[in-house]
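Biologist: Please display the sequence and the model, and let us then discuss them in turn.

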Amino acid sequence: MTEKPSFQKRPHIGLLGLTLEFYEEGFPQVRRERENWVRREVLPRPRKAGVDIRFEGAAFTAEAVERQIQAFEASGCDALLVMLLTYSTSLTALTALQRTRLPFLIWNTQELFAITPAFSSADLVANHGVHGTFDLANVLLRQGVRFGYHTSHLQDPGAAEELAALLRAAAAVHRLRGMRIGLLGHPFPGMGDFSLDATHFRGALGPLIETITLSEYQAALRNVRAEAIRAGVAEYRKQYAVDRDISHRLLEATARAEEALRRLVTDRRCDAITYQFLAFGKDPLTETLPFVAACRLMAEGVGFGAEGNVIAAAFTTTLQAIQPPAGFSEIFTIDFAGHRLLLAHMGEANPALAHPGHPIRLRRRSPIVPVRVGQLTLVFPYAPGPYTLAALTPGPRGEWRLIFSRMEVPDTEPFAQAETPQSLIRPAGDVRRWLTAYAQAGGPHHLALCRGDARAPLRLWAHLAGVTPIEIE
């Protein structure tokens, strides 16, 4: 089993709570009361929603702000959550927030939910951070510092979950800067929509491409132990509906390929993997392609992009961090009559998205390149409900674009003849208009998708990452 990928771990957020130094003399109890409120009411909510938050107490001087942010960076925080616990002057935090490489979100909130006739001076002192957020946002904007801003109250329906989603998006920006993508083989010849300048990719977004040769993969295959193969075959039989015509030798070859790919991902410390199936076909030693391995790794949080597409691998991993589960796919066919699109690929999709009402089928598929033993795939449709479909791509002037849409997966029966994971998906409007708008925005042919409506966190992620968001409706 591979080590848990960094993108599957809970985001670690540093909470920077700001107060006013002036109050330390006249109202010293205010800071203590605000700190107690944070610890009592605020911290448990995002933690329950899957985000770990570290809070060291309020900061009211520039030196204290600097110390806290440095401590958050040193402890491995992925992002900052900035709260104005009272009013605080913007210049108290400006310099430290300019210097940090951690993305941050200003959360405009307070303890008081409603202003009633009983509103008092004490209520005013305890609940007047909003104008401090304006002060801070103004100077950050003037200095060209990217930040997120979100207004909500803990009593709002879904407030903690909404905040946690935004914090995951902010954390994903930081993690993208340290991402390692394994490129096994070489990109598909002639596919230009995901060609890139690796230096620009690294400098603009942060991921490092780890080149893995087929010789390394073959060496990993030779080193797979017999007990790992037996365990893999047993797991296949336990988890999937295995077709009767599949030989034990093919199951063993599939398990060997999975264990080899897992070992490479672990040894090279990859957060994502991409390979090019044609490269496997040119190697006479290839027994089978690691399609099942790619699916199962995706379900565990390792991102994937097909055909040597490191951009798709990076973004699938990012979307998995923002709103899991997420996976890789491609639009293959149009259903003009039903205003739907068919998502499919050669054999790679995230089974964590599978329809719970149908067993995941392990079946033999027609080999697409020469292999010595045969080819297996996991076959399933996606679970019905709302989805978000998205793609990251370079723009015409070297900028990066995020193209995304709200979608719906209808509840349909699996295609009886399907040899790969396949599912229908439907945009909100006319499929013709959607496809035209997607192409005109420069949408690439490889995409990522996740369950639910991830548009708000994706907008924040794009803003913090310096990426242009384009929503297709």
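Biologist: Is glutamate 258 buried or exposed?

Modeller: The model is predicted, so local features need pLDDT of at least 70 and side-chain atom pairs count only at pLDDT 80 or more, whereas totals for chains, interfaces and linings use all residues. Residues are numbered from 1 along each chain as its sequence is written, and side-chain values use heavy atoms, leaving out hydrogens and water. Buried means under 20% relative accessible area, exposed over 50% and partly exposed in between (1.4 Å probe, protein chains only). Because its relative accessibility is 6%, glutamate 258 counts as buried.

Biologist: Which side chain does a polar contact of 2.8 Å join to that of glutamate 258?

Modeller: A polar contact is a pair of N or O atoms within 3.5 Å; within protein, one must be able to donate a hydrogen and the other to accept it, and residues adjacent in sequence count only if both atoms are side-chain atoms. At 2.8 Å, the partner of glutamate 258 is arginine 296.

Biologist: How is leucine 124 classed by its relative accessible area?

Modeller: Leucine 124 has a relative accessible area of 47%. That value lies between the limits of 20% and 50%, so leucine 124 is partly exposed.

Biologist: What does the C-alpha trace of the protein chain span along its principal axes?

Modeller: The trace belongs to a protein chain of 473 residues. Its span along the principal axes is about 80 × 50 × 45 Å.
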